[in-house]
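Subject: Structure for you to look at

Hello,

Here is the structure I said I would pass on. My notes on what was found in it follow below.

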Amino acid sequence: MTKALTIGTATAQPGTIQYGRWEALSHPTGHAEFLPVIIAQGAADGPCLWLTAGIHGPEQAGPAVLYRLITQELVDRLKGTIIAIPALNPAGLRTNQRQPYHADKDPNRLWPDGKPDKKPDPDKDPPTSLERAYKRLFDEIVACADYLIDYHNAWTGSISFSFRDRVLYRADQDAEAHKAAAEAIAAKQAEMLAAYGHTVIREFPTEKYIDEDLHRSTSAATLFLAGIPGFTVELGTGHMPDWAIVNAAAAGTRNVMRWAGMLDGDTEPIEGIKVVDAGFPVRRCSTPRVEEACVVLHLVEPGDLVQAGDPVAEVRDVWGRPLGEGVLRAEYDGFVMGRSHGIYYYPGDAVLGMAIRDEAPLVAPYPEDFFKE
Ligand SMILES: [Zn+2]
């Protein structure tokens with residue numbers, strides 16, 4: 001028996017792909033903003049996998065993965081249901097901007113955080129239409145999702161990788177039970193990441209992570225508040241999709257479906273992209289940083305393994321003459337996620353996105369004051 005599922009105007013029909021609209025918000029000009037919904041359901045029952053993309057306008061490889069992935073040929077072999085939303089932020093996609101023109105906040109920091117509803121405060125902006133829409137969509141995801149993948153792009157030239165969120169739990173009177181549940185979710189998430197098969201990089205440690213509102217991303221909110229294993233993938237350059245990465249992401253997603261029992265057959269090889277393993281767990285970090293205004297000529301490529309002390313860039317003045325020692329050295333062991341943009345740097349600018357050794361626990365309590373008003 002397959003599941004009866006309706007999202008917006010799309011209703012699952014076993015063995016087919018259904019298309020529909022989910023009404024998100026109204027514009028003051030009378031126009032309605034809908035999110036496009038795709039429901040692909042196999043003839044046989046199985047898990048429900050949500051695939052979301054297009055929350056940041058310039059990041060257009062994720063929607064491309066969904067367009068390549070969801071085919072009748074896939075549905076003919078599928079057990080269970082894929083619910084895909086290729087455009088979580090249509091306004092951003094229209095204008096090629098990270099934020100929608102009608103809500104001036106990073107949309108991937110607007111999902112529920114589990115705190116009680118705040119009392120209206122005349123000095124604070126109430127939730128935007130988009131934040132309210134995501135709250136409603138969140139409830140629809142939680143009602144049926146077994147797993148979730150949210151597709152993004154990091155920056156120009158960055159490697160393809162998956163972000164592993166830490167799993168936060170409430171340290172209340174039931175802390176031990178919450179911790180055990182969080183560890184079980186983290187274990188499932190690890191299996192899912194391994195099935196996807198791209199480079200895995202952990203998110204920031206808890207304090208910085210919450211400072212940046214990353215606990216309110218699509219994948220973190222569904223992971224923490226509903227225990228749905230999932231992750232965010234970053235697909236290299238967003239404004240010029242790299243088809244090798246797009247194809248490797250589609251293959252990785254089918255491998256997740258195999259792991260989840262939604263497809264039969266052997267794991268597909270992940271080809272055409274760098275998959276990097278430092279030999280130890282890594283997290284993201286912007287490093288090293290320049291001390292003075294300078295020109296930077298990078299000496300390393302995305303995906304390169306580096307050790308602390310290795311030269312990673314030449315440092316010059318605007319005439320091209322070496323400054324000081326003439327090189328900037330890595331501060332940590334790890335590998336290069338990607339170079340920072342351009343060659344002209346102000347003091348304190350980081351020249352690389354690096355994956356460095358992660359010392360922080362993967363399962364951690366929320367900060368003590370998190371749920372306090
Ligand atoms: Zn993004």
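Two strands are said to pair if DSSP finds at least two bridges between them. Please keep in mind that this is a predicted model.

By that criterion, strand β13 (residues 294-298) pairs with strand β15 (residues 311-316), antiparallel, over four bridges. Within this pair, valine 295 has arginine 316 of β15 opposite it. Both strands belong to an open sheet of four, which runs in the order β16-β15-β13-β18 with antiparallel pairing. At the edges are β16 (322-329) and β18 (344-345), each of which pairs on one side only. As background, the strands of a sheet pair through backbone hydrogen bonds, and the pairing can be parallel or antiparallel.

Strand β17 covers residues 334-339, and six of its six residues are buried. It has pairing partners as follows:

- Strand β14 (residues 305-306) is joined to β17 by two bridges, and the two run antiparallel. Here valine 306 has glycine 334 of β17 as its bridge partner.
- Strand β19 (residues 352-357) pairs with β17 over five bridges, also in the antiparallel sense. Valine 336 is placed opposite methionine 354 of β19.

Now the chain as a whole. The protein chain contains eight helices and 20 strands. Its radius of gyration is 21 Å, close to the 21 Å that the globule rule gives for 373 residues, so the chain is as compact as a globular protein of that length. Along the principal axes, the C-alpha atoms fill a box of roughly 70 × 55 × 50 Å. Buried residues make up 43% of the 373 in the protein chain. Of the contacts with a separation of 6 or more, 72% are between residues 24 or more positions apart.

Turning to the helices, α1 (residues 61-69) is mostly covered, with seven of its nine residues buried. The buried ones are Ala61, Gly62, Pro63, Ala64, Val65, Leu66 and Leu69. What do the buried residues of α1 pack against? The list has strands β5 (44-53), β6 (79-85), β7 (147-152) and β11 (230-235), together with helices α2 (72-77) and α8 (243-259).

The axes of α1 and α8 are 9 Å apart, at an angle of about 60 degrees. The two helices are therefore oblique to each other, and their crossing is right-handed. On the α1 side, the residues that meet α8 are Ala61, Ala64, Val65, Arg68 and Leu69; on the α8 side, they are Ile245, Val246, Ala249, Ala250 and Thr253. An α-helix has 3.6 residues a turn, so residues three or four places apart point the same way.

Helix α8 also meets helix α5 (residues 175-196), and the axes of α5 and α8 come within 7 Å and cross at roughly 135 degrees. That angle makes α5 oblique to α8. The crossing of α5 and α8 is right-handed. Glu191, Met192, Ala195 and Tyr196 of α5 are in contact with a set in α8 made up of Gly252, Asn255, Val256, Arg258 and Trp259.

Regards

How values were computed. Residues numbered from 1 in each chain as written. Predicted model: local features only at pLDDT ≥ 70, side-chain atom pairs only at ≥ 80, totals over all residues. Rg over C-alpha atoms; globule rule 2.2 N^0.38 Å. Buried ≥ 20, exposed ≤ 12 C-beta atoms within 10 Å, placed from the backbone. Contact = placed C-beta atoms within 7 Å. Axes fitted to C-alpha atoms, helices over the stretch in contact; angles between N-to-C directions. Parallel < 35°, antiparallel > 145°, perpendicular 65-115°, else oblique. Left-handed = near helix turned anticlockwise from the far one by under 90°.
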